[in-house]
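My notes follow the structure.

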Amino acid sequence: MTSLKRSLASDPSAANISSKVFVRSTRSGKVQKIVRELYLRDDIPCSSQLCTSCLAKAPRDAGGVLVPFVLSAQPAGTRAYPQGHYLVPDTNALLNALDLFEQTSAFYDVIILQTVLEELRNRSLPLYNRLVGLTKSEEKRFYVFFNDFRLETSVVRDVGESINDRNDRAVRRAVKWYSSHLARAVKAAGGRSKKIPAVVMLSDDKENLRKAKEDGIEACSLKDYVNGLENADQLLDMISVAKEGRELRDAKAAENLYREYYSVSKMMTGVRNGTLHQGIFNVSPYNYLEGSVHVPTFDKSLLILGRENINRAVQGDVVVVEVLPKDQWKEPSTKIIEDETMNKNENADAEEGEAVVTEKERRALQEEVKRVHSKSTEGRPQPTARVVGIAKRNWRQYVGHIDESSVSQSVKQSRKQQTVFLIPMDKRIPKIRVRTRQAGEIIGKRVLVTIDSWDRDSRYPVGHFVRSLGELETKGAETEALLLEYDVQYRPFPKAVLDCLPKEGHDWIVPPSKEDPGWRDRRDLRHLEICSIDPVGCQDIDDALHARPLPNGNYEVGVHIADVSHFVKPNNAMDTEASIRGTTVYLVDKRIDMLPMLLGTDLCSLKPYVERYAFSAIWEITPDADIVKSEFTKSVIKSREAFSYEQAQIRVDDPSQQDDLTKAMRTLMMLSKKFKQKRMDAGALSLSSPEVRIETESETSDPIDVKTKKHLDTMSLVEEFMLLANTSVAAKIYEAFPQTAMLRRHGAPPKTNFEELANQLKVKRGLELRVSSSKELADSLDACVDPKEPFFNTLIRILATRCMMSAEYFCSGTQAYPEFRHYGLASEIYTHFTSPIRRYADLVAHRQLAAAIDYEPLDASVRSKGKLEAVCKNINVRHRNAQQAGRASIEYYVGQALKGRVVDEHGFVMKVFSNGFVVLVPRFGIESLIRLRDLADPEPESAFDAEHYVLRTRGSRELSVELFQKVLVRISDVKEEGTGKRKVRFELVSAGEA
Amino acid sequence: MPLDTSSYSLALLRLDGRRWNELRLLRAQISTQASADGSSYLEMGNTKVICTVSGPTEPKGTGGARAGGDNAEVKVEISIAGFSGVDRKRRGKNDKRISEMATTIANAFTNSLFTHLYPHSTITLSLHVLSQDGSLLAALINASTLALADAGIPMRDYICSCTAGSTSSYSSNDESADPLLDLNSTEELELPFLTVATLGASDEVSVLVMETRVQVGRLEGMLAVAVDGCKQVRDLLDGVVRTRGKKILEGTTKL
């Protein structure tokens, strides 16, 4: 290994040393002057495969590996540049249209200049990260040229020159150098000058373009460039309208509709001294004009009412709010307000005469005020607040459909650009104004858009079209929409990941020779009578069980988990991919795997009749279900049979079956019941959510029927032993790694969460809900029964579940031991260990357990607290998204199953508003809103008794609806005229005890 | 916010335009201060230090017999100027980091100087940091070597020092982490690094200090690069001494 040295001869004034001086201000407001050296060099390659002189000087890394040249020798040409061209975008081009650069149809051979990269990083870190990702992908051929370090292209800022002008000049200088360098390279190689690719600067800055023309540099605006491409129309829509639009509106000097945000320093000072509060903005699912922000200072969330107070915050943004004076405090609305129905006929193009509050909205508000005023003083107004600034936008890409009414008929067929509204799938997101040339084509399709900006003078945010997913209501489009909406990574595994799989593929077997390194420290458990019990058709079998009596009267019970950590080594591409995916996502007709199929459904899966690697937890348990001892070991097993829950149940119940396997299952069943009883005694909750199963036709997988899930004893058998395994493993890894164990906790819900439910129960049924501990809650939930209505208890459990906190993964060093508690399971410590094929947390737990039993050293990535915290954060989000995506998928299929059918079903009233109520139909697990105006035409008059949760109507239809009431509803599906969206629609048949 | 060290992988260029195995510009002079027994000024990039040597002298004050005994004692005083860093900050004499550096330097030179030639005496190195931009300990050691040579104190060989780091931080598991030579302050803030000093051109390591966490697998590469860097530094220091010597012989400079 040799080291190079810079020549001593170089004087400070020598051309190849420069310095960069800049001033920066720190977070605390201090101003620092930074001086940095710059070593200018002449060996930074142009990275074009046409050039041989650069190749000779190309850098090598410490391993002596040469970085391959990326820019193609025959780059694609366009109409304007038939000889082929390299692109050099400036910062604005990337800021406005990074989506374009990610396209696969164009934008190859792009040179990213250091100047641009640096500036982009200053302006937007997410965009910077996306760009860096692009430069690493091989097929896109993006090259980062460090122009500021190359002698010929480095530019020193002139006196009086603005930093932007300097950067633009640097870009032009680099473009110029590139073109002359390429010309020389081609000539040196003996090529004809026709073959020299053009180097084209992309910029939206007119001044920059003008100067480029003066210097004789090929340059054009993004728009002009895209116009010259083949699929120009599609691509043009992706150029952010933000900039263009702003200029347009500036000319008009439109009035501002929203208040200006506070300056960053004002917000920070305010938050620090407690006059302002920061939190995540959440929109109520029933009323798009009502949001809430939970701030650390108060127990209860602050309400934010009305568009003006919401002040351009979008669901999920981190906002800074100011509490409003007490006379503006209000009760949360009891009314359902939907954007669709309020502002149906807005014109997306109309700029003038736009008010923040439309006439209809204003009227709705008046009624609201009247109601509050007429109420006795008992009404408890809640503190309200208004948004004064955004700490962090949480905008993502949104899926939705174009509001057909916003598209003008005349231009439907033409290519003229027009502004349309996009109605997002997520009701909590406001309409997005999108300028597009393809309005005619994308009507009736699911489309993906991003929000670019939301200025003070625009009522709705402005975004741009990204791509179309396909026709509304087609299975492909709706599934992809779901996946995008819940941010599920559904693309096929990249090659780098697949390269990590065992070379043998499906032919991989447990090595026959025990001398093989795979057998090291593995116990041979192939002689045990092991079986697995899973849902029907399960392919990724994570767990298997065995039980056998011991001579001393106790039992030996083993839980065997797929040894995924044997195949997925830390920090390879597959591990990284899995940690990003976090979990397997189950949709009704589709499974998005966390690990490649080969592992998930074959090599790791504990399939019957074949030998597989496993990680086993083995206990000695007394007949009273006390654990005598436990141990963990890597093992090799051979499952005897893979049962479905039903098959297992039948086998256990059938007295004629007396084989060892069945006996073992009976033992397990007996023990599991005792374990369950113990857990219940300790205060574990049995919660509920409406669960349904979709029956599909086997050929077309079209949904034909909806069934509620049946509960079998074998399910709780498996569940109990999985809980046992998880708890024991949690204790073990916590003991071994007190700072970095991967655990799962479920926080005790704050009492205020249950206030409303407790009050409802008290008023309606005279029942008391005690919430001081999980045991109390479990007992009082057991007492919530209606002798006439068996479902009532389940209904209350469903409601109680919604008051709970969600369980989360965490790293043990970040919490105190008492905080480890799992409230729902009433367990002191808990983790996930039993499903490593489909959850990343389990894989981490496996690695930690393997290290805890000295099987292998612990990898650095699961030893560092910071890293683990990041992993936890990601998998918590992924886990939640996966659940929601699964639920949304079921919802969609229920809708499809009901398509064209009309069914009368019983339902229960879950929530009552002053102008409608929500009904849950347990048979289908769906809930829907019935508005007063759906009851009869004309809309009946109503009186709402909020204290007793009763809604009485008079006039065109007389009835009274109260909370928890059982009602008969007619379920049908309608296609909404305006939106072309299919919706499940409930009609009230009768309110009485039908 | 300029780019950070993660951009190295994009084009194998560091934040200041160097490659992985390149030293910063190292410049030095000796006999910068006529009144001292030996003195030097040394720059490694933007890290600038001066060193003066006084001694060997009889220890001050009483108790002459107490000091040193059979060997000369090496004393090191370091003062860091308030203006040397980005923020103006005064650092007291009792700063832990400073006294640790002083001890490290004193130990290294006690072993390489022929201290037995000067019983009952003290050699005092006083080091002043004028500007800091990474590799401070290395610069101090190099400046001390030069000043001691200038003072004419016999030594086994130059002690030459430089730092080495790794392009990827401890917890990020970048398989292809490159070792880096001679870190500047931005790199020192973000990356694991160590300071190595060797005795002349040999592979004999006399100082090895590392305060950051690094994965064991990367250590060997870092050490190899650092030791190699030390050899480069040795040639540079030797050049400085020889130029000065030549001038004296030519008579263009007075001793």
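I started inside chain A of this predicted model. D521(A) forms a salt bridge with R520(A), and their closest N and O atoms are 3.2 Å apart. I checked accessibility next. D521(A) is partly exposed at 47%, and R520(A) is partly exposed at 43%.

Then I looked up D43(A). It pairs with R41(A) in a salt bridge, with the closest N and O atoms 2.7 Å apart. D43(A) counts as buried because its relative accessibility is 18%, under the 20% cut-off. R41(A) is buried too, at 5%. D43(A) also forms a salt bridge with R19(B), where the closest N and O atoms are 3.5 Å apart.

Which element gives the largest share of the side of chain A that touches chain B? I found β2(A), with eight residues. By class, this side of chain A has 22 nonpolar, 11 polar and 16 charged residues. I noted that 49 residues of chain A are in contact with 45 of chain B. The buried area is about 4200 Å², and carbon and sulfur atoms give 57% of it. Three salt bridges cross the interface.

Last, I turned to chain B. D182(B) forms a salt bridge with R18(B), at 4.0 Å between the closest N and O atoms. The two residues are 164 residues apart and link distant parts of the chain. D182(B) is buried at 1% relative accessibility, and R18(B) is buried at 0%. Both belong to a network of salt bridges that includes R14(B), D16(B) and E187(B). Over all chains, I logged 68 salt bridges.

Definitions and conventions:
Residues are numbered from 1 along each chain as its sequence is written. Chains are lettered from A and ligands numbered from 1 in the order in which they are written. This is a predicted model: local features need pLDDT of at least 70, side-chain atom pairs count only at pLDDT 80 or more; totals for chains, interfaces and linings use all residues. Side-chain values use heavy atoms; hydrogens and water are left out. Contact means heavy atoms within 4.5 Å. Buried area is the accessible area (1.4 Å probe) that two parts lose on being put together, summed over both. A salt bridge is a side-chain nitrogen of Lys or Arg within 4 Å of a carboxyl oxygen of Asp or Glu. Helices (H or I, at least four residues) and strands (E, at least two) are DSSP runs, numbered from the N terminus. Ala, Val, Leu, Ile, Met, Phe, Trp, Tyr, Cys and Pro count as nonpolar, Asp, Glu, Lys and Arg as charged, and the others, Gly among them, as polar. Buried means under 20% relative accessible area, exposed over 50%, partly exposed in between (1.4 Å probe, protein chains only).
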